[in-house]
Each structure stands twice: as structure tokens, then as C-alpha cells.
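Student: Could you pick one part of this and go through it closely with me? I'd like to know what is around it and what else to look at from there.

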Amino acid sequence: MSARSDVRTAASSPPSGAPPASPPASAPSRDEPWLFRTYSGHSSARASNALYRSNLAKGQTGLSVAFDLPTQTGYDSDHPLARGEVGKVGVPICHIDDMAALFDGIPLEQMNTSMTINATAAWLLALYVATAERQGGDPRKLRGTTQNDIIKEYLSRGTFVFPPEASMRLTSEIVGYTVDRVPSWNPINICSYHLQEAGATPVQEIAFSMANAISLLDHLRNSGRFSEGSLAKVFGRISFFLNAGIRFVEEMCKCRAMTALWEELGRERYGITDAKMLRLRYGVQVNSLGLTEAQPENNIVRIALEALGVTLSRRARARSLQLPAWNEALGLPRPWDQQLSLRTQQILAFETDLLEYEDLFDGSRVVERRTRELIVAAREELDRILAMGGAVAAVENAYMKQKLVESHTARLRAIESGAMTVVGVNAYPESVESPLLQPGSSSILKVDESAERAQIESLRAFRSRRNETDVRAALRGLEDAIQAGQNVMPPSIAAAKAGVTTGEWTDVLRRVFGEYRAPTGVGAASAGGASDVDARVRGRVDALSQRLGRRLKLLVGKPGLDGHSNGAEQIAVKARDAGMEVVYDGIRLTPEEIVQSARDEGVHVVGLSILSGSHGVLVRDVVERMRGAGLVDIPVVVGGIIPPEDAESLLAAGVRRVYTPKDFDLARIMDEIVDVVAEANRAA
Amino acid sequence: MSAIDATPRELARRVREGDRGAVARALNLVDDRRSAQRSEALDLLDALEPPPHGRRIGITGAPGAGKSTLLDALASALRARGRSVGILAVDPSSRRTGGALLGDRFRMGASTRDAGVFFRSLAAREELGGLSEVAGASLDVLAAAFDVVFIETVGVGQSEASIADFVETLVFVAQPAAGDLLQFMKAGILEWPDVFFVNKSDLEALAARTATELRAGLELGRGHDGDARAVVLSGSARDGIGIDALIDAIDAHHARLEQTGELARRRGAGRVVRVESALARRYGRFGLARLGEREPLARFVAAHPDASAERLIDMLGARFEAGWDAARAERS
């Protein structure tokens with residue numbers, strides 16, 4: 001099939017080649033399809049630009065930029081905390097030349113770009129606007145989304161930087177700026193996506209994200225910045241980012257429930273009457289939590305069914321859709337894997353008759369009843385949170401976090417016990433060898449380890465060619481404006497043009513606002529029903545503790561910038577239930593800090609969790625530093641998205657066990673931690 | 001755990017120098033229940049007994065009062081004053097599983113990452129009141145290594161009394177409107193703390209009311225060291241307000257204890273209570289009574305000023321068990 005290079009017209013018609021460019025005259029009229037996106041970006045701005053161009057040529061109609069963790073948390077690529085993380089989970093963007101390279105040959109005026117960026121959203125938007133202007137574009141015509149939802153960062157994703165109050169201020173200033181100056185931009189994308197990834201039930205997903213939206217809207221209304229008329233415009237610009245799991249009928253009802261609740265909220269709480277403004281607009285990335293490492297080709301089917309869930313009902317259809325790759329649980333997807341996900345969307349939109357009908361479910365008693373039930377339960381949960389003082393209060397008192405940890409724990413228990421069927425994992429595990437996973441051939445994308453070095457070199461070259469006087473003046477202007485309570489966007493755009501870097505911009509804000517550490521939610525998460533397995537493992541923990549002279553003590557550490565703490569938290573809770581004393585330090589630790597904790601706390605074993613793909617550098621660093629500190633008898637185990645070749649090299653480097661997403665049986669992991677500690681203390 | 005490749009005396013010397021690796025190993029050793037290790041631990045603790053020792057300060061208060069945040073601010077401020085800091089944070093254990101989630105290192109934040117702050121979390125284990133038996137020995141180790149040593153526990157009324165025996169200055173972190181005066185009195189916390197810190201003064205009116213009520217309550221009774229009344233301060237740990245004043249108040253309290261001779265008396269009495277309660281825990285109140293009343297116990301402790309409290313516990317324990325065996329032998 002010939003690929004189209006014209007970025008714009010690929011948007012809404014099927015690609016040229018086999019299917020006709022427009023339906024035959026006799027065919028019924030079709031709805032416009034949603035935007036096709038793929039969440040992508042890696043290694044460098046240049047490499048990501050090539051990927052974007054090739055995706056657009058294949059019929060992708062919007063871009064979804066993945067930034068690397070240093071960019072998301074406001075560090076330049078040469079900062080010590082960035083070590084091993086540069087270009088791993090996304091593209092590194094340190095300054096305007098990086099941004100310009102990322103969109104080289106892609107006219108921003110004509111693109112619709114979603115940027116997964118939160119704490120540093122104002123900065124990346126400033127770079128985007130400055131880049132558009134450099135291309136000769138008009139910022140008023142820019143279309144796209146900054147994710148900019150900080151509350152869910154505290155709850156699950158972990159790339160927050162500033163305290164909640166300062167974060168709310170930044171969010172509302174981005175909203176204030178874009179409503180006037182970049183009117184087609186979606187300044188915030190309230191995410192229930194990450195809540196589901198953290199274990200949320202549909203009811204929690206609805207209630208927590210609505211509570212989140214309310215806290216933002218109340219903040220905006222009370223800021224006095226918006227007149228009644230412009231508040232309606234603001235309401236209309238708020239979009240959502242949803243998740244969709246494999247229970248696709250319920251997921252479809254969830255989308256309908258949210259659509260109804262959002263309209264009700266707009267009318268009743270904010271007095272909005274314009275039907276267009278009241279319409280819930282949302283994009284979707286379907287579930288990654290349910291994708292399996294075992295028999296990974298099954299994920300192709302899961303992803304297609306999940307896509308169906310959010311497109312089936314016309315009245316609650318996603319505006320944009322991005323599908324994960326079938327082999328995501330194994331590592332970074334290759335271009336071919338991403339292409340398969342895009343083709344899945346295209347088949348759904350262009351081959352099937354999905355877009356030819358009115359809503360299929362209006363009048364369905366079953367769908368109506370399930371939707372109603374979700375609305376009622378979500379309203380109840382929402383009222384509970386509002387009574388607590390709203391979403392910010394429910395983050396600070398860890399209520400929402402605890403509920404998520406509990407739901408996630410319940411989900412894992414259900415998989416362990418078999419109450420929830422996962423084909424290929426706890427049912428029908430037998431499989432012939434998959435031709436898609438040839439031993440020896442790499443079935444995932446490897447980020448070139450030299451990318452980090454190249455990025456640091458190019459950053460240093462950029463610093464040496466910019467005008468330092470301009471940079472210092474821009475940073476001073478930024479700080480003064482923030483201190484004076486002025487909108488952060490204009491001085492940020494000026495800073496972008498002057499050559500300020502991501503780390504410098506964030507450092508100014510860190511200085512003014514301070515840094516924040518969110519509650520973990522593990523301390524208070526109730527243990528739930530302990531199974532027989534727990535009792536058996538507890539017995540082994542007790543016996544080993546006796547032999548060691550004191551209770552088995554485990555350090556759970558998350559080195560690097562990856563903030564996905566769900567896995568680490570589940571391990572911590574399970575280990576506590578198994579009778580271990582567990583030190584959990586939270587996220588974003590340097591290898592030095594982890595080694596210091598291991599020594600000071602006198603632990604028997606260290607468990608590291610890394611999902612960003614930076615395990616190679618970070619784990620080795622921890623292991624070497626432990627050796628250097630004389631902690632040779634403390635074994636290290638590692639969990640994360642770790643391909644088999646990497647696992648082997650980690651084991652060779654002295655790591656005792658490596659766990660990947662296929663190891664869902666936490667009781668077995670606990671059992672093995674006991675084994676590992678017993679082996680390391682044979683002499684004891 | 002790593003074999004102690006140094007003799008207890010050598011380890012003690014390195015602990016006194018503030019060698020963090022040695023401190024960590026010493027803490028592991030005093031926590032070890034095996035008999036060979038226990039004997040090494042006693043040698044170590046004896047060697048750590050002669051002064052100088054760092055200040056011992058207790059931090060207590062209800063969950064959510066902001067103890068960890070305050071400790072974080074205190075540690076940073078003390079580091080800025082050039083003093084080394086050791087922290088022992090006690091978290092509850094599950095009674096059912098024996099497991100514990102020790103989250104204080106996380107709650108405290110920045111200062112735990114400072115190489116000049118030594119932080120050890122401790123599970124409360126079987127003790128409901130919040131202090132495990134190993135807490136006293138752990139504090140002995142930390143006080144030999146660092147200028148200022150904190151022990152943090154969740155306040156549940158009774159535990160204030162027991163933590164007071166381990167420390168020279170006890171700071172109670174109060175929450176505005178956490179309870180009115182009656183609640184404080186009911187919890188029995190008014191008589192133990194030396195300093196009250198009403199945290200979160202951003203809730204200004206409430207904080208002022210709480211401070212006033214505390215002061216009024218303290219007028220009614222007296223502090224446990226006789227003539228000195230507790231000090232009531234307010235501030236905000238989160239915003240770093242009132243931290244320097246709190247350190248000054250702790251220093252002033254310590255200076256007064258030193259001048260009046262109360263410091264020596266408190267340390268002596270604390271040793272007696274530690275020995276007494278450890279024996280009561282091992283042999284029950286009934287068993288303790290068989291060892292004699294409090295006076296002879298106090299005389300025994302005073303007669304061995306160079307021995308660590310843990311040594312005295314084991315000596316008296318051995319004596320008790322020998323007597324028990326003798327009595328059994330007589331009966332049979």
C-alpha cells in the first residue's frame with residue numbers, strides 16, 4: 001500500500017490504495033473518525049522526528065509526544081539524576097533547538113499534537129509556541145493538548161515536582177493563557193487513564209477524575225480571573241484522557257456515565273447552558289495493565305476489543321485514540337509493532353460499518369441500567385471526596401491513594417486465586433512456540449546507549465552558543481513574574497526564545513515553590529484477606545528471622561526518575577503481610593541514596609523496581625556501590641520491564657533474581673526473597 | 001548479616017568517631033537475639049557507656065500531627081548549625097503478622113538524604129505503647145556517635161511516659177484543635193513533655209487557641225521535673241516557621257537540666273526505669289517483685305555506673321533465672 005506523505009489530508013479519509021478514497025455514492029454517510037495517534041518518542045529529537053514523519057505517512061492523523069523522564073521532571077540531560085534515563089521512555093527536550101528538531105518538516109499550525117507533560121507543562125507549551133512562531137506559524141491556530149493533570153501524578157504516575165497549591169496555580173495559568181491566546185488548545189487533559197493503570201475500578205475512575213476536575217474548576221472560578229462567559233469557555237476546553245480495559249461492555253457504559261455526569265456537573269455546579277460546551281470530550285489510550293508478557297500475541301486481540309469499547313457508542317465516542325503495542329510488557333515497541341496498532345484503528349474506522357450508524361445503545365435497557373448503576377456509585381464516592389475537602393485534600397490525606405492501592409491489591413489477589421481469568425496466564429498457559437518471538441532475534445526496540453552521550457554533547461554545544469546575558473535576563477524575568485503573581489506563560493515563552501534550558505526553567509520554579517513528596521498510601525492500605533499462601537510464607541519468614549537473630553528486613557527502592565510506584569508499593573504491602581519489616585523510601589532516588597538507606601537501615605535484602613528501561617545503568621550502579629560500601633552480603637533483587645537478555649546480564653552482574661510483569665504471583669516472589677536471604681546468610 | 005569482623009571494643013571506637021558503617025553494624029548487633037551476638041552487644045554497649053554522649057530528644061504526637069515534617073526541619077536546621085544528627089523512628093508492627101511498613105524515611109524527605117543525618121527505622125514489634133525493647137540500646141549507640149539524637153514515636157498517651165525515660169528532652173507535637181484541653185488531660189500527656197510545639201500555625205486562630213489552652217492546662221499541673229514548667233511554642237514545620245525557636249528551647253531546657261543537676265538525676269532514673277521495665281517485660285510484674293522492690297534495684301543500678309543498662313538487665317535477669325532454678329531444685 002502506498003504511503004501518503006501529505007500530513008494534512010491523511011486526517012479523515014482512508015489512505016489511497018486498495019479502499020476507495022471516499023465511500024461509494026450508495027453507501028450511507030459516515031461519521032468522521034477519531035484522531036489516530038501513537039504515543040511515541042525516544043532517543044533524541046532527530047530520531048523521534050523521523051518516527052513521527054513515518055507514522056504520519058502511514059495514516060496517523062495526530063501526534064502524541066512521549067517525553068523522557070528528565071524532561072518530565074525538569075532536569076537537563078546532564079543532571080546526575082538523569083543518568084541512564086535520557087531518551088529511555090521518551091524524547092529528551094532540553095531547549096528550543098531540540099523542540100525545533102522534533103517538529104522539523106511538520107508544520108505545527110496544521111498538526112494536532114498531544115503532549116504527555118505535567119509538572120513542566122507550562123515550559124514545554126512555551127517551547128511549542130516558540131517553535132511554532134519560529135516556523136512562521138500563528139499560535140492562535142495551534143491545536144493539541146497538554147496533559148497538565150498534576151493530581152493524578154501524585155496518585156499514580158509520579159512525575160510531580162511542585163506542591164499541590166503551586167501546581168494548581170501553574171495549571172490555572174496555562175488555562176488562563178490558552179483560553180485567550182491559543183484558543184483551540186486543550187490546556188488540560190484530566191486523566192482517569194493512570195488511575196485505572198494504578199488499579200482503579202470504573203467507579204473510582206469516574207469519581208476520582210470528576211473530583212479532580214471539580215477542584216480545578218473551583219480553583220479557576222474562585223481565582224476571579226474568569227468572567228461568567230469565559231468560565232463556560234474554560235469548561236468547554238477541559239478534556240479527559242480515559243482508559244479502557246478488557247471488560248469492554250462495562251467500559252462503554254463508563255464512557256456514557258461520564259458523559260452524563262460531566263453535563264450534569266456543568267449545568268448544576270457551574271451554571272453552563274451551552275450544549276456544545278457541556279459535551280464531554282475525551283481521548284483514550286487503552287489499557288496496558290491487562291497486557292500480558294506470557295503469550296503476548298493475545299494482546300493484539302485485547303487491544304482491538306478495548307478499542308471497540310470506546311468507539312462503539314456514538315454518543316460517548318472517543319475523540320482521539322492511541323493504542324499500545326502488543327509487546328509493550330516486553331520492552332519498547334518497534335515501528336512495526338506501532339504500525340500494527342495503527343492498522344487496528346484504521347480497520348475499525350474504515351473497514352467496519354461502525355461509523356455509519358446512530359448510537360447503537362440508545363434505548364438499550366441493559367446498557368442504560370449498568371450506566372445508571374455506575375453513575376449512582378460514582379456520585380456517592382464523589383460526594384465522599386467532596387466532603388473531605390475535594391481532590392487536593394484527598395491526595396494530601398492519602399485517601400484516594402489508599403483506595404487505589406487496595407483495589408490494585410484486590411485485583412492481584414483475584415488473578416492469584418483465579419477469580420479473574422487471564423488467558424495465557426492463570427488459564428490455558430500451555431502454548432506452542434510463538435513465531436513472533438524467535439529466540440535470538442530481538443522482538444523489541446533497543447534504545448541506543450550512545451543516545452545519552454550524544455544528547456549531553458549537543459546540550460553542551462547549545463549552552464556554549466547561546467547568549468548568556470539574554471538567558472540570565474530571561475530567568476530573572478521569569479522569577480520576578482512568578483513572585484509578582486503574574487502568569488507564568490509569557491516569561492516562559494520569552495525564556496524559551498532566549499535559550500533557557502528545561503533544567504534552568506524548572507530550577508527557578510523549584511526555588512520559588514519548593515519540591516513536593518506525595519504520600520505513598522501503602523502505610524495505611526488495609527491488608528485485606530490474607531491467604532493460606534501468606535501464612536506459609538510467614539512461617540518461613542519467622543523461621544529465617546529466628547536464625548538471623550532479628551526480623552527479616554527488606555528495602556524497597558526505586559532508583560532513577562521513574563515514578564510508577566504501583567509495583568513497588570504492591571511488593572511493600574505484600575512483604576509486610578508476609579511478616580517482613582519493610583523500608584520503603586519512595587521514588588526518585590539516586591543509587592547513592594539507596595545504598596545509604598540499605599546500610600543505615602541494616603536491611604537483609606534490597607528490592608529495586610524500575611519500569612523506565614534504565615535498569616542496565618542504575619542497577620549496576622547500585623550493585624557496584626554496595627560492593628564499594630562493603631555490603632557484599634546483602635542480596636539485590638530487581639523487578640521491572642526487563643527483556644530476557646538484560647535479565648541475564650543483570651544476573652551476571654550479581655543481581656540474585658529478576659522479576660518481570662509475567663511474575664504476577666507475589667507470594668512466590670516473597671518465597672524467593674526468603675530463599676535469597678537464606679542463601680546469602682548460610683553461615684549465620 | 002555481616003559478621004562483626006571487628007571486636008566490640010574496636011567497633012565501639014569507630015562508633016564514637018561517627019563512622020556510619022560502624023553505627024549501622026552496631027545497631028544490627030544490639031538488635032540481634034542470638035546469644036553469641038548478645039554477649040558481643042553487651043561488650044559494645046559497655047564500651048560506649050563513658051561520656052560524652054549526644055543529647056537525646058524524644059518527638060511524639062498523634063498520627064498526622066506533623067512529627068516527620070518537624071523532624072525533617074529540625075535535622076536540616078541542626079545540620080546548618082554544624083551538629084551531626086541521628087534519628088530513630090519507630091513505626092507500628094502488625095500484631096498479626098509481625099511485619100511492618102517503615103515509612104518514616106519517606107515521610108521525612110530531604111534530610112534523610114543528607115550524609116550528615118543518620119536515619120534508622122525500627123518496628124515497634126510486640127510493644128503496644130510504641131517502643132520496642134531494642135529502642136533503648138539503639139539510642140545508646142546513636143548517642144555515642146552523634147551530637148543530637150532523636151527518637152520519634154506515635155503518641156498514644158501511655159507511650160509519652162515510657163519515651164520520657166529514654167530521653168532528656170521530650171517534645172510533643174500538638175495539632176491545632178486536635179482536641180481541647182480536656183482531651184490532652186484525658187490522654188495524660190500534659191505531665192510528661194518538656195516542650196509543646198503546636199504545629200501548622202497556618203491554621204492560625206485554632207493554633208493560638210490550642211497553645212493558650214495548653215498553657216492554661218500546664219498552669220494547673222507542673223512538669224515532671226518539679227519546678228520547671230513545660231514551654232509551649234507554635235510554628236509550622238512545613239514552612240520552616242518556629243524551628244530555630246524550638247531548637248533554642250530544647251537547648252535552654254538542656255542547659256537548665258545541667259545547671260540544676262537534674263540531667264544526672266534524669267539519666268540515672270531513666271536507667272533504673274529501663275532496667276525495671278525490661279525485667280518486667282521478661283518475667284512479668286510478679287517476677288520483678290521477686291527481684292526485690294524498686295529501691296534495691298535502684299541501688300544496684302547506681303552501684304554499676306560503668307555498665308550499660310542492657311548489661312544490668314542481663315545480669316539481673318541471670319540472677320533471677322538462677323534463683324528460679326534454685327527454687328525449682330529445692331522443690332524437687
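Tutor: Buried means under 20% relative accessible area, exposed over 50%, and partly exposed in between (1.4 Å probe, protein chains only). Helices (H or I, at least four residues) and strands (E, at least two) are DSSP runs, numbered from the N terminus.

Keep in mind that this is a predicted model: local features need pLDDT of at least 70, side-chain atom pairs 80 or more, while totals for chains, interfaces and linings use all residues. Residues are numbered from 1 along each chain as written, chains are lettered from A and ligands numbered from 1 in the order written, and side-chain values use heavy atoms, without hydrogens and water.

With 11 residues, H4(A) gives the most to the largest nonpolar core, which has 164 residues in total. Such a core is a set of buried Ala, Val, Leu, Ile, Met, Phe, Trp, Tyr and Cys residues joined through side-chain atoms within 4.5 Å. Inside it, the residues with the most contacts are Phe240(A), Trp262(A), Tyr282(A), Met400(A) and Met580(A). There's also a second, separate core of 37 residues, and Leu44(B), Leu139(B), Ala145(B) and Val149(B) are among them.

Met580(A) reaches across to the other chain: leaving out residues up to four places away in sequence, its contacts (heavy atoms within 4.5 Å) include Val541(A), Leu552(A), Met670(A), Gly99(B) and Ala100(B). Glu581(A), in strand S12 of chain A (581-584), counts as buried because its relative accessibility is 2%. Beyond its neighbours within four places, Glu581(A) touches Arg551(A), Lys553(A), Leu102(B) and Arg125(B), among others.

Next, the sheet in chain A. Five strands line up in the order S2-S3-S4-S5-S6, as an open sheet with parallel pairing; two strands pair if DSSP finds at least two bridges between them. S2 (39-40) and S6 (185-186) of chain A sit at the edges with a single partner strand each, so one side of each has no neighbour in the sheet. Four bridges link S4 (112-115) and S5 (143-146) of chain A, and Ser114(A) stands opposite Thr145(A) of S5(A).

Look for Tyr428(A) in the loop between H16 (399-417) and H17 (450-465) of chain A.

One last stop, in chain B: Pro51(B) and Pro52(B) are joined by a cis peptide bond, with omega about 5°. Pro52(B) lies in the loop between helix H3 (35-48) and strand S1 (55-61) of chain B.
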